[in-house]
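Let's take a friendly walk through a protein model together. Have the sequence and the 3D view ready, and we will go one stop at a time.

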Amino acid sequence: MNKESVASLRWLFDVSAEHKIKLVLSIIMSAASALCALAPFYFAYLVLEQLLSPRFDASQVWQWAALALCFMVARYALLFIAIMLSHKSAFAIQYNIRTLALGHMARLPMGFFSQKSSGEIKKILSEDIDRVELFVAHHISDFVTSLITPFAVFIFLLFIDVRMALAALIPIPLAIFSQMSMYKGFEEKSRHYHDALESLNTSITEYVRAMPVIRAFNAGGRPHKLFTASLSHYHHVVVQWTKEAGWPFAAFKTLLDSGLVVLLPLGVYFWSQGTLDIASFTLCILLGVGMMEPLYNLTMFTAYLNQIFEGVNRLQALISRPPLSEPDKSETLSEFGIEFDKVSFRYDDTSRLALDNVSFSLKQGTLNAVVGPSGSGKSTLAMLVARFWDIEQGDILIGGKPITSLSTPYLMENTAYVFQESIILSQTVYDNIAMGSDASEDRVVHAAKAAQAHEFIMALPHGYQTILGEGVFLSGGEKQRLAIARAMLKDAPILILDEATAFADANNQALIQSALSSLIKDKTVIVIAHRLSTIVDADSILVMDKGALVGHGTHEALVQACPVYQSMWQSHQASREWNVSTKEREPADA
Ligand SMILES: Nc1ncnc2c1ncn2[C@@H]1O[C@H](COP(=O)(O)OP(=O)(O)O)[C@@H](O)[C@H]1O
Ligand SMILES: [Mg+2]
């Protein structure tokens, strides 16, 4: 066991907190149970000795038989208690770890969740933690038994016959040797295995999610290739590992079972010499042969433990991720203008700057649009206002105060966000709008009406009480209007809309547009837009290109002075003309 594993074990123990005692008791009970299991053998030995002696005493034999029975009962009673205790502490540990992990995740920068795949987080929160539970609940007592039994048997045999006891040990070094060659590079192989498994999991999830696209494009495409590639990689890793481990494993098993090969001839020899009596001989054979079996279990546990430690390491990595720093006491705001001062940001150390030295200032009560090619940093800019990540350089200020001086709850209270992809939860429409607030029904309906969502909601089977996702599905535009209703109800002074109209058809778009205009009064609004027609009237337009802010001003000013905006506007005009000439009767929206 290396240093890392010991640290993992200690961490597990620390997490078990008040349940440590149960765990320790469970271990002691298991050990006691293992010792009780040996007692009947001893009585069998005594009985045999008595039977073979010329002065046979039946009452003595009965006594021993009864005692053997007592120990047997005690063995299982102790085991029962040990397993009860280990189950109790296992569930408690599982509960503690989950609470700890979830509690910590709530304090992580929100960006964490968009960076980590949900498959990865799920694996940690469910599989890794379940494995710990499984081990503590089921395997700890087996583990203790397997550890104690060979030792106890050996010491026992020493008292019976030292020579036979030592002989029973002969296969062990050989077995350990073959065992070691099986575990050579185990950690690395195990890591390979888990990496392969993880990538397989991820690609299966992706494959299923992308099925409509794959089908529509008649398969054979990249997602399919990715899937088969990770499948065959996994297959390769597993087969390779099995091949390498096969021979040493066979040798190990054989050697462990070879006790009889040594003990039988030796025992017969000692007996013929008159230095070993029949009763002792029988006992040595009985115990000596079974003595190695638990060692095999121990190797299985090494594998289990390694898996658990890998899981624990992943858990620890999650839990040791630095949470967002929180001010001791949150500043409060009386004004909600937004200012970026030389802000630079990158997603990870290796990638290029997603925002490069961006400075601007937006007044409260203004509508500000962000435009730019895809990947130019628009969403990043918007997310930084809500402090999804902390920036590496510069300052982001709201009402003149750095956002880091605001507590997360306070910042969240004052910002409403309509995401690029509206997230609808599997609960009622009502709860989807209210989102845990105790808003009155009137206000929820009012928000839905303002978001042009009331009508379609009333057409659902149970109106506002319809549970979404259970046979009731919304269109992209409907989802977006629901998300806008949510933001309306929140009525926060800062509103961020990330391409909120992107998925809408022309009809929905007009509805959303009018919903928005009632939503944005008096607020500081940032709208990320890809249809320029919707934002020509904005108070200011921020033009992004490759992470840099290349223009900031009104439409008129930018058309004059900003080359990037000019070319965007030209292509917009062109597509608009095309649209008008081909679809006369549709409202033109490029
Ligand atoms: N979670 C992320 N992790 C790493 N890179 C990201 C992430 N999100 C966006 N990026 C990168 O940052 C840049 C800006 O992206 P984004 O702000 O989403 O652009 P836009 O919204 O303008 O299309 C792009 O190069 C994109 O690949
Ligand atoms: Mg975007």
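Look for Lys 546 in the loop that runs between β9 (540-545) and β10 (548-553). Keep in mind as you explore that this is a predicted model. The phi angle of Lys 546 is positive, about 50°, although the residue is not a glycine. That deserves a second look, because most residues other than glycine have a negative phi. Is Lys 546 buried or exposed? Its relative accessible area is 64%, and since anything over 50% counts as exposed, Lys 546 is exposed.

Now compare this with another residue, Asn 357. Here too phi is positive in a residue other than glycine, with a value near 50°. Where does Asn 357 sit? You will find Asn 357 in strand β2. Its relative accessibility is 47%, so Asn 357 counts as partly exposed.

Strand β2 brings us to a sheet. Four strands form an open sheet in the order β2-β1-β4-β5, and their pairing is antiparallel. Which strands are at the edges? They are β2 (355-362) and β5 (401-402), each of which pairs on one side only. In general, strands of a sheet pair through backbone hydrogen bonds.

Zoom in on the β5 end. Strand β4, residues 393-398, pairs with β5 in the antiparallel sense over two bridges.

Technical notes. Residues are numbered from 1 along each chain as its sequence is written. Chains are lettered from A and ligands numbered from 1 in the order in which they are written. This is a predicted model: local features need pLDDT of at least 70, side-chain atom pairs count only at pLDDT 80 or more; totals for chains, interfaces and linings use all residues. Side-chain values use heavy atoms; hydrogens and water are left out. Two strands pair if DSSP finds at least two bridges between them. Buried means under 20% relative accessible area, exposed over 50%, partly exposed in between (1.4 Å probe, protein chains only).
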